[in-house]
Amino acid sequence: MSAVMPSRMQAAPAAAAPILRVDQVVKRFETPQGPVIAVDRMSLDVAPGEFVTIIGPSGCGKSTLFNMIGGLVSATEGTIEVAGERVRGPHPAIGMVFQEESAFPWRSVEDNVAFPLEIKGVAKAERLDRARHFIDLVGLKGFDKRYPAELSGGMRQRVAIARTLAFEPKLLLMDEPFAALDEQTRLLLGDKVLQIQQELKQTIVLITHNITEAVQLSDRILVMTYRPGRTKRFVEITLPRPRTSEIVGSEQFGRYVAEIWNDLRAEATQGMQDAEAKERGR
């Protein structure tokens with residue numbers, strides 16, 4: 001009789017390949033005063049369906065890193081891969097949502113969301129059907145025929161998110177998408193983003209200054225140092241999912257916020273001192 005192999009000796013299932021891989025990335029800018037390193041030797045893997053937030057003080061290189069991941073700016077050194085492909089410019093697997101409003105004012109909500117599908121040559125009936133699906137998903141059902149001028153700032157940002165999701169990117173990048181909104185609206189839109197992420201199993205990388213927003217939304221938080229931007233540490237957020245803004249009042253949530261602020265305080269202080277020194281030098 002053949003022996004049965006113990007279960008501990010059986011091969012474990014292979015971990016899923018990361019959707020995003022950032023490997024030892026450097027960004028150096030040439031200036032009249034000499035080279036300036038904005039991002040220095042940063043590495044990051046993001047698994048399928050993971051929500052990772054990058055947080056750091058002003059001027060630490062967060063947006064530069066965002067632009068490199070999105071293919072808008074080339075890295076000086078290192079490599080970035082999305083879905084196993086090297087990023088050398090804007091990539092069809094990457095969707096991007098920015099802080100600035102980007103809805104086309106002359107197009108209705110429906111036509112705004114359908115726009116990337118129109119560019120891809122999707123038939124009108126199909127693209128409008130898909131647009132309505134994502135309009136419903138972001139909580140704008142009934143606003144299909146409205147124009148951006150008729151919507152609040154938070155609603156216009158939801159249009160931008162729906163438009164980006166409509167072409168089904170493997171990676172969604174968001175750079176301070178709710179920065180111009182009040183705190184209550186930010187928390188409620190955070191709930192909506194969490195619902196979308198859970199329903200679509202969407203892989204998301206968020207850039208933010210807001211610690212509460214980072215803890216509310218994330219599986220992991222990458223804390224950056226002040227200039228040059230380096231990885232200070234990763235914080236794993238083990239708050240239960242599905243998650244809503246109700247968790248903001250919990251003791252565990254407060255501990256995470258305090259922990260991350262302790263990480264950021266010295267970096268933010270250095271940034272403020274540098275800014276004050278520049279003002280005095282003028």
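This is a predicted model: local features need pLDDT of at least 70, side-chain atom pairs count only at pLDDT 80 or more; totals for chains, interfaces and linings use all residues.
1. Four strands make it up, in the order β2-β1-β4-β5, and their pairing is antiparallel. At the edges sit β2 (34-46) and β5 (85-86), each of which pairs on one side only.

2. Look next at how β1 meets β4. Strand β1 (residues 20-31) and strand β4 (residues 77-82) run antiparallel and are joined by five bridges. If you want a pair to find on screen, valine 26 has glutamate 77 in β4 as its bridge partner.

3. A helix belongs in this picture too. Helix α1 (residues 62-69) lies across β1, β2 and β4, and runs at about 120° to β1.

4. Strand β9 (residues 220-224) runs antiparallel to strand β10 (residues 231-236), with five bridges between them. Methionine 224 stands opposite threonine 231 in β10.

5. Now the largest pocket, which holds about 280 Å³ of space. Its lining counts 14 residues, and those closest to the centre are Met96, Pro116, Arg163, Thr164 and Phe167.

6. Which elements each supply at least two residues of that lining? They are β6 (94-97), α2 (109-119) and α4 (153-165). Sorted by class, the lining of the largest pocket has nine nonpolar residues, alongside three polar and two charged ones.

Conventions
Residues are numbered from 1 along each chain as its sequence is written. Side-chain values use heavy atoms; hydrogens and water are left out. On a 1 Å grid over the protein atoms alone, a cavity is a set of points where a 1.4 Å probe fits but cannot get out, and a pocket is an open set with protein on both sides within 12 Å along at least five of seven lines; lining residues have an atom within 4 Å of a point. Grid points are joined across faces, edges and corners, and a volume is the space filled by probe spheres set on the points. Ala, Val, Leu, Ile, Met, Phe, Trp, Tyr, Cys and Pro count as nonpolar, Asp, Glu, Lys and Arg as charged, and the others, Gly among them, as polar. Two strands pair if DSSP finds at least two bridges between them. Contact means heavy atoms within 4.5 Å. Axes are lines fitted to C-alpha atoms, for helices over the stretch in contact, and angles run from 0 to 180 degrees between N-to-C directions.
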